[in-house]
Amino acid sequence: MGKPTTLWEAVESEDVLAVQSLLFRDRGCGGGESEKLTAKEWEMKRERGVNCVSEEGLVPLDVAVHTHNSTLFQVLVKAGGRHNPQLCQPSDWALKLDALVTLAGQRVAERRAALLRRARAGLQADADCQQQLHHWSLRQKLYCRMRDRFQHTVPPGPPSHANLMVMSATSLLVTIREPACVATGLVIRYKVEWSNSDAFLTLSGTGYIDDTRNPVYSITGLNTGELYYVKVSAYNVKGWGPPQTSIPACAAPSSWLECNGVRIRRSSLEDEVRKLLEQIREPHYRGFCTEAPKQISPSKRVSVSRSLKQLFQSPNTFVRHLQRGVYMLAVFYTKDKVLVTADDQFPLVEIQCCSTSIMQDFIWLAKLSYAWDQVPCLQQALRSSLSSSSSLLQNRHSVLRAVAQLQAALRTQDIGQVYFEPIKDRQGNMLIMTLKECLPPAYSSDHILHWVPLSHMEKNPSQTALLPEPTALDIVTGHLKEKMSYHRHSGQQAHPGLHVGILKLSSSVEQLTVLVPQRLPNLLYHARVRTNPHVSRDEWLWLQTQGSRSVLGDERKSESSSLMMFVQALRSAITVLLTRLNIPLYRAYQYRVYTQELLQFGEKLSLLLLLPPTKEFTVSYGFMESTQDPGLNIPLTVFELVHFGAYAHDFLGKYCQAWVRLELDAYLSQQALREALDSKEIAVARERLSHVTELSQSLDLVWREVRWIMDVMQCIRSKQGTGTVPLGLVLGGQPPPASVALEEQEHRRDVTTLMPRHLRTQKTLSEYFSHTDSDPLVRYGAAESTRLALAEKLEQHHAGDGCANDSLHFSVNKEVQQMSCLQQSDSFAPFSLLKEDEKHDPVAWMIERFDKFELQSKSFLGLSPVDLRLESDCCFESALEYGNHEKYPHSQHWLHPKGGSGVSEELLSFSGTSTSPAWAGPHESAAAANKSKVQSLPVRCLVEWVTSSKE
């Protein structure tokens, strides 16, 4: 036999692959008018084919059910297969299967008799008769097997589990697991019954589940607050099995919105933004940004300041090299390809502005990236203000010109999403990057852009290898995969269900950032509690009442109710989240649960929020624990755009369209009011500004309503703790004790280790050199790499036993002495670089230099006699020689003023272990009086003056 050509042949032979192939072919093939069928019409046509009744009165699903072929059964159900409407009772099936077996036996006997008669008559066997004999022989075996399976089948047992959940204020959800023992028959249907009585004396409703792949049933149209009992039964060809009571046995439809003290947000915000946008587009709108381009009168003289570079630059010419400015870069990518120019570089244009003040407009550009189609409208409005002295309007015009240039070159309005931060280098360049994932279009051969593999850009990362530091382009190329991953993940949504998240903020002088995971940067760090996103009134009330409970002694009551399932799932998810962020348990008990609102992102995703203590929110760099899942610190305003772009894209698009237009209209209206001359122009300008301001305020109210994170931040700042519940009460039990050493270690790690690298280095070195008036590394102009190496060595020392040791001090002092020698060579280079000076005594030459600085032998700026202390080993021998009075008669006042011989002890004991300042003396008053004078010395001097210890 060949491959089955019809659906019934494939079903009767139980060829699952052939059934799938035929169903797919029936959907995809066709010609003529059939090609014009919609997807819904194709689905209806396929259902008619999969439910066609054979001559024997069977449907394809009957074969799968009576042969216990679950795989074939699932394939047919997925294609829309339904049960036989003519045969419902087990007695009907018993008679039907007996009749089919008898019929198949008769057909086989008839075909065999016909072939036997032709053989006796000496005639050639009929091929058609042989084929029919083969088909009926297979059917006879199939019908016999179906009858045997039916006879051994027994009614199914109760479902192993029926979970009841509250889905809304008027609906419940029932999820079912198949019976534990399914070997006696194939379950083909479930029945769900609900009632207000636990004895089910009167049923409130009944429902059936035919799709056994995912047995879920939603009970809708219920009364809020009423208690409903639910039971579930399974069905096979032998009838219904015993019912299974749901767990919990009953539930009342309710919502967390019914509780007191919760924040209820308006649900019609998108409609309000749409109405505002319609008002802006109306003809009687009095703003500057209009849909129809305005014709500028030729008599009006417009002063346009253009640089020579702009005049001689083609609008479609991309920048090849960075030259200390602000640039805009577009990265179009696919799975393994990127779009580049003819020079194999990313499309790059310069933003013609005076300075890097464009950083102030970064958030404006991020919002504009969700409304690229408004660029022509904004450019048209700015043409009347090109002569304005406002740097903000000039920068906006420069940015819009660069955006329009990219749009024209890339042949699309949508040039992608702005990356969450600008890319800067040490050469003074700044890149604002946009990313977009798209299918590679077929560019013509004369076009300036083409697609190249991503590996090609990685092999040639830099075009400026001679520069000491990588440029901004090198940074982009070197971390391109990370930025592409960020953009790809920022558009994905979290799995549906109820999640628990944690808000980790970091504040600095410039901005406020939020910690998000790299795998999903549009949402806070989170862990899923359950697949049901809804929280009932009882569950939310349990969270709220934890704050008023001083002792957790009422746990057993929740064990016998549906609350225990919620509590266990919530505690498990919180534990997973704390483990992922490496937050110690004793510190976790200081966190709080936000109970003012359940954050809902659409209909299938909701978030319970954990808030850090107030002290972690107010510190400069936050308590960012080292996480198992590396995260990103994204500016708060950018995070809001990325978040709403993923979960409320339509709303954000309309809001940004209205915002960019109203914001520019507000600036232009203010400028028009300042430039108005007569009373009529002033009245018109004031009326226009009032109209634009009114619309802007309405839009701001909508934006404030949707910004949930601002309400959360206000709750964190509040010291009363209203709207929150201690996390320790939710977790239950008492917090584990934390030792003093552990707390100090955590504090040092949080405050020091998690600081930015340059501040951490400065703090470490300042603590080590705290016994001196100044850091010698700064005094000698040490390189940043040297400072970093010494700081790492000190941090490793503190991470160990923390005890002082000679080897550590020797290593640090050696670095200081080497820098002192280098400093000396820089200050007194003539005796090493000039040949004619080699014959002079270096020490005598040094004293001569001191005399030029008016450094007298017996007194120096009013100081008492002092010893000369050289910090360089290279001049040590010369200093000893200079101590000889016969050769240097004036040295008695410098090295041993009281007539002593030899060099002072301070000169021989230069060690970093000394705790006395370099300018300390026996008389504190004298030292205090001379401190200001001493600090006026040149920092490049080779010697330090210390009061003699012999006085």
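## Val660 and its surroundings

Leaving out neighbours within four places in sequence, Val660 is in contact (heavy atoms within 4.5 Å) with Trp364, Leu368, Gln374 and Leu378. This is a predicted model, where local features need pLDDT of at least 70, side-chain atom pairs count only at pLDDT 80 or more, and totals for chains, interfaces and linings use all residues. Residues are numbered from 1 along each chain as its sequence is written, and side-chain values use heavy atoms, with hydrogens and water left out.

Val660 sits in helix α22; helices here are DSSP runs of H or I with at least four residues, numbered from the N terminus. Why does Val660 count as buried? Its relative accessibility is 0%, and buried means under 20% relative accessible area (1.4 Å probe, protein chains only). Val660 and Lys367 are 293 residues apart in sequence, yet their C-alpha atoms are 7.5 Å apart in space.

## Where two helices meet

Let's turn to a helix pair. The axes of α12 (residues 391-410) and α22 come within 11 Å and cross at roughly 140 degrees. Axes are lines fitted to C-alpha atoms over the stretch in contact, with angles from 0 to 180 degrees between N-to-C directions.

On the α12 side, Leu392, Leu393 and Arg396 take part, meeting Glu663, Leu664, Tyr667, Leu668 and Gln671 of α22.

How values were computed: Buried means under 20% relative accessible area, exposed over 50%, partly exposed in between (1.4 Å probe, protein chains only).
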